[in-house]
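The exercises below go with the structure shown next. Try each task before reading its solution.

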Amino acid sequence: MNAFAYRDGYYHAQDVAIRHIADAVGTPFYCYSRAAIEARYDAFADALKDFNALICYAVKANSNQALIGLLAARGAGADVVSEGEMRRALAAGIPASKIVYSGVAKTVHEIEFALQQNIRQFNVESEQELRAISAAATRLKKTARVAFRINPNVDAGTHEKISTGKSENKFGIGIDNAKAAYDEARKLPGIEVCGVDMHIGSQIMTLNPFKAAFSRIAELTQELRDAGHTISTIDLGGGLGVNYDNLNDNAPTVNDYARVAKEAVGHLDCDIIVEPGRSLVGNAGVLVGSVIYTKTNGASKFLIIDAAMNDFLRPSMYNAYHTIVGGRQSNAPEEFYDVVGPVCETGDTFARKRKLPLQEAGDLIIIEGTGAYGSVMASSYNTRPMIPEVLVDGSEFRVIRRRPDYDSMIALDIPWGNSD
Ligand code: LLP
């Protein structure tokens, strides 16, 4: 389904013209489509129907309460990586029994909070963390259900900053050390081993890395079972890529992904957890900005918009490509624009030499595919207020995060000399 499209010449989110929202809310803002999110979740659930599967939405992709709430109502669980994310998942209605806690290094305080909630599973990332969980569980007279995050040493073939499953990455326990870790876990008080876990990276655009990693995890599961460990759950992580440009349609489908999973681990008769983030919400959101000014420097024509790298970091951080379109269809001659924000950094660039019909100050500019890792990675750099988020449902829209005012931003600081 395409929730974002031109209708009668104007860019719409479902049945609402983006211009209408812009006039009501002011730019820049993020805009999400309820139907798009629900359709993606349903496609995932349908693809995995042969498994006893729990879809634990990776909250880090977009942690707005309204979005988590939509997924909770559909039956989703949550994959969280901090106490803050766990609190967000719980507040949005995801029961603790559907929460898995990943995260490279959980603090004692965070572990205690998770134990008090009785979450479904800790995905443990190191032997030291395991011992901290055991000690906390013993203190609180709880039992922690644990899986080790296994680093299968597979190249996910994605951007180096979001590749996590190679042995040189900081994530998980090397597959060669797994058996020893499970043997230790069996002996520790307060620990109940329930499964294995993996996650090799994000925005993975071919199935081969998944195939390789899933089969290593399947082999390990067999070895662990042979050694007497109870492995009843396999957490396959997230990572399925999405199409970010409107020219190619080459992301693997959820059905193909599910088939690969079935072939690799189906025979093990385990419950399956998946942790998709981007593939659920990435293409369910857009970032809407307005042109402030245009200008020409040398050979470059700049479209300076009111959204900036602090609102949406992916192009600056990963050189990510995102489709950019105008708010209305136009027959005006096309120009090659550098689309930039007003922040004082050259890296504040969304696209270079991007072909767009001639734009003028006040025109809307839409950056597509920004539902995941957009608002969550935003900051208030340059003391720019975090931008609002809007959710569209049919012909209705609602602000699901307000823009903070300057006074409340400044009031977080305590001037030197004010002791009270
Ligand atoms: N599970 C774990 C343990 C993860 O670390 C991640 C993402 C996911 C699940 C969800 O992965 P997804 O299905 O969304 O690919 N900021 C980067 C992406 C960082 C992903 C980190 N981990 C970006 O904008 O590309």
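**Exercise 1.** How many residues of domain 1 are in contact with residues of domain 2?

Solution. The model is a predicted one. Start with the division of the protein chain: domain 1 covers 4-31 + 283-410, and domain 2 covers 103-274. Next, take contact as heavy atoms within 4.5 Å. On that basis, 9 residues of domain 1 touch 9 residues of domain 2.

**Exercise 2.** Describe the area buried between domain 1 and domain 2.

Solution. First, the size: about 840 Å² is buried between domain 1 and domain 2, with carbon and sulfur atoms giving 50% of this area. Second, the residues: on the side of domain 1, N283, Y318 and Y321 lose the most area to domain 2, and together they account for 50% of what that side buries. Third, the polar links: 2 residue pairs are in polar contact between domain 1 and domain 2, while the count of salt bridges is 0. Last, the classes: where domain 1 touches domain 2, its side has 4 nonpolar, 4 polar and 1 charged residues.

**Exercise 3.** Which residues are closest to the ligand?

Solution. Of the 19 residues that surround the ligand, the closest are S202, E275, R278, R314 and Y373.

**Exercise 4.** What are the distances from oxygen atoms of the ligand to K60, G277 and R278?

Solution. For K60, a side-chain N or O atom is 3.2 Å from a ligand oxygen. For G277, the distance is 2.9 Å, from a backbone N or O atom. For R278, a polar backbone atom is 2.8 Å from an oxygen of the ligand.

Conventions:
Residues numbered from 1 in each chain as written. Predicted model: local features only at pLDDT ≥ 70, side-chain atom pairs only at ≥ 80, totals over all residues. Heavy atoms only, no water. Domains from an automatic or database assignment. Buried area = accessible area lost by both parts, 1.4 Å probe. Salt bridge = Lys/Arg side-chain N within 4 Å of Asp/Glu carboxyl O. Polar contact = N/O pair within 3.5 Å; in protein donor to acceptor, adjacent residues only side chain to side chain. Nonpolar A, V, L, I, M, F, W, Y, C, P; charged D, E, K, R; others polar. Near = heavy atom within 4 Å.
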